[in-house]
Amino acid sequence: MKKSFLVILSICFFLSPFYGQYYYTPNSTQSNPGGLNTDSEYPSSSASFGTGWTTILPGSNVSPTWSSIETIPFSFNFNGSPVTQYKVSSSGVLTFTTSAGVVPFYTNAAIPDPVIPNNSIMIWGIQGVGSNDEIVTKTFGTAGAQQHWIFFASYEAGGSWSYWSIVLEEGSDKIYIVDQRHSSNANPQVTAGIQIDNTTAIMVAGSPQLTNVAGTSATPADNYYYEFIYGQQNAIDMSGVELLTYPYLKLSDAPFSIECVLNNLGTDTVTSFDLNYSANGGSIASQSLSGLLIGPYEADTFIHNIPWIPTIDDSYDISVWASNINGLSDMNTLNDTVIQPLHVFATTTQRKPMLEMFASSTSNYSVTGNTDLLAILYSNPDNYSLLKYPMSWPSPGDPYFTDEGAQRRYFYNVNTVPRLILNGVDQNNPIGFTQQEFDEAYQLYSFVDLDATYSVGGQKVDINVDVNSLCNTAGIWDNLTLHTAIFEYTTYNNVGTNGEIEFYNIMKKMLPDHNGTSIPDLGPNNPPYSLSLSYEFNGTYNIPLDASLPTDHLIEHSVEDFQNLGVVVWIQDNDSKYILQSATANIVANANDLDDKVQTVVFPNPASDQLNVTLKGNLNEVIDVKIYNSLGQIVRVVDCANFNKIQAIDISELNEGVHVLFIQTINDLIKRKFTKVEF
């Protein structure tokens, strides 16, 4: 057994009869309560802010002030009595005592405190002093199980912006305080809790210096919340949190370990219990554990000693729960069981991980991120697909920023550069990227074969994609999209302020746009799915002065060299963002290409030991191949007697720096810049 303590659980629990009729529990997973609110967390003035929110208190409140009096949109009981209305202060206090006059100060303190009205909930210490600092409300869910959110959007706390919410829940009468999003420069020092009157209150331990646990993500993915429940806390209460067993498995790898996280939500320390699991409600595997020491609000990770052996490839609902806790029955059976599906496949294929990187030529950190990522990728040639999206910050931003890149940023809720997304679900900082992190993305099964080819003629790119599924995706992934992106292997003109002089795998256009192409459910008994795409870049080359005016693809393009284009394709589940498979397309000759010039792709760039050269088009005899350094000196003469359309050139002995590859044919002289680096 491996014991793990979730970050939020480092907050000590403190409860005494002095505190009245409420107790609280911190959540043990990153999310919003109940998963009803999936909106992104942005200032209410932002184009990314969700719809349906109502402003009840605008920003720019130099002095603390009350909002208008609002009506709760459903029946709700506070401290055992019905309440119908509330108002909220710009200092983070919600009160059901709507007649209260004095507004709590911006400077918070421990509770109970006489400045707080009776019957109040608070995130006391945040400040609505900025113009974007608004309090907005929205109700989620269906009648009988709704949540009313009071959202402090872009409030000030600890020197920078900070997002929190108070949530009222219909039916359960639960209250949630949600820690949502914070600037990396913020250091909130707040009082979170409930005050019944001047003598009775409960506050989250750490208050009045409670700081944030959530990070910078604008999604609920890193949110934490405190759940306030009316009544007496149970002494015995073990909750199922999460099934950790990888959900996509190969049948021949059985047996599988069932690994889970359980949380002690009771007041008693747990010393023993029975760990149970079943598949599809079938026979129960049970293991007795003793000699434990699991305190209140401690989360433990357990691996069941009886492995699971499925007999056929199928989808299975795995239920895991604890029983016989300290020799007693669980006093709250509603949260006992965690149920998650595991999908078992008979046939698999190698995954080529999809790496999407967000960076900018105006970000100093992007330099380190690019260098560290390249060091790992160079050791894993042809084992990945890579696409980079130039971003619009730090101002003035990368001039190759595009609206489609911005949409991918919003899709993943990326808020900093550099940022690396692996297989659509793992968000990493490429600075310090390791071989282990790459292996974790690579050493996963895939259940789809994906192949693509492309050709370039003039400014037109033709692409053919073939998808062959090895499993029935219906019921596992029902909302699949094939994404296609044209990128430029190396660019030079988007130099910014960070010292980089060349950039690689830069996204130029998504086909047909950032939404991709919806594809049907796939299955081994269905014919392979094929798709042909074509795109012709319009107008002439233009590089914007900065990211404020992205390239307008209707009239212009930002391709520096049409003979240096590549194509990457990937299949993604829109619901989970999980990428099933990716492929970097192979270039082929274009029979309709009337351009007699030889088209050339040089990769990787930068390179360390080997430079790969791909030639296509009306290729005539190669008669001379040389490499020059930045001083114009010949540093390498390549034997061209057997120079093929696909050629590897040894550059291990070259010095670091920019070089130029010259390929002389009977009719053409081809020149390609590349950078030699050492790892």
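The model is predicted, so local features need pLDDT of at least 70 and side-chain atom pairs count only at pLDDT 80 or more, while totals for chains, interfaces and linings use all residues. Residues are numbered from 1 along each chain as its sequence is written, and side-chain values use heavy atoms, with hydrogens and water left out.

**The sheet**

- Four strands make up an open sheet, and their order is β44-β43-β46-β47. Strands here are DSSP runs (E, at least two residues), numbered from the N terminus.
- The pairing in this sheet is antiparallel; two strands count as paired if DSSP finds at least two bridges between them.
- At the edges sit β44 (634–638) and β47 (669–676), each of which pairs on one side only.
- On average, neighbouring strands of the sheet are turned by 20 degrees against each other, direction ignored. Axes for this are lines fitted to C-alpha atoms, and angles run from 0 to 180 degrees between N-to-C directions.
- Zooming in on one pair, strand β43 (residues 622–629) runs antiparallel to β44 and is joined to it by four bridges.
- Within that pair, Y628 stands opposite I634 in β44.

**Salt bridges**

- Side chains of opposite charge can pair when their charged atoms come close.
- The structure holds eight salt bridges, each defined as a side-chain nitrogen of Lys or Arg within 4 Å of a carboxyl oxygen of Asp or Glu.
- One of them joins K138 to D39, with the closest N and O atoms 2.8 Å apart. K138 belongs to strand β8 (residues 134–140) and D39 to the loop between β2 (22–26) and β3 (54–57), so this pair ties together parts that are 99 residues apart in sequence.
- Another joins K460 to D462, where the closest N and O atoms are 4.0 Å apart.
- D561 and R672 also meet through their side chains in a salt bridge (3.4 Å, N to O). This pair links distant parts of the chain, 111 residues apart: D561 is in the loop between β37 (556–557) and β38 (565–573), and R672 is in strand β47.

**How accessible the partners are**

- Both K138 and D39 are buried (under 20% relative accessible area; exposed is over 50%, and partly exposed lies in between, with a 1.4 Å probe and protein chains only).
- K460 counts as partly exposed because its relative accessibility is 34%, and D462 is partly exposed with a relative accessible area of 21%.
- D561 is partly exposed at 22%, whereas R672, at 12% relative accessibility, counts as buried.
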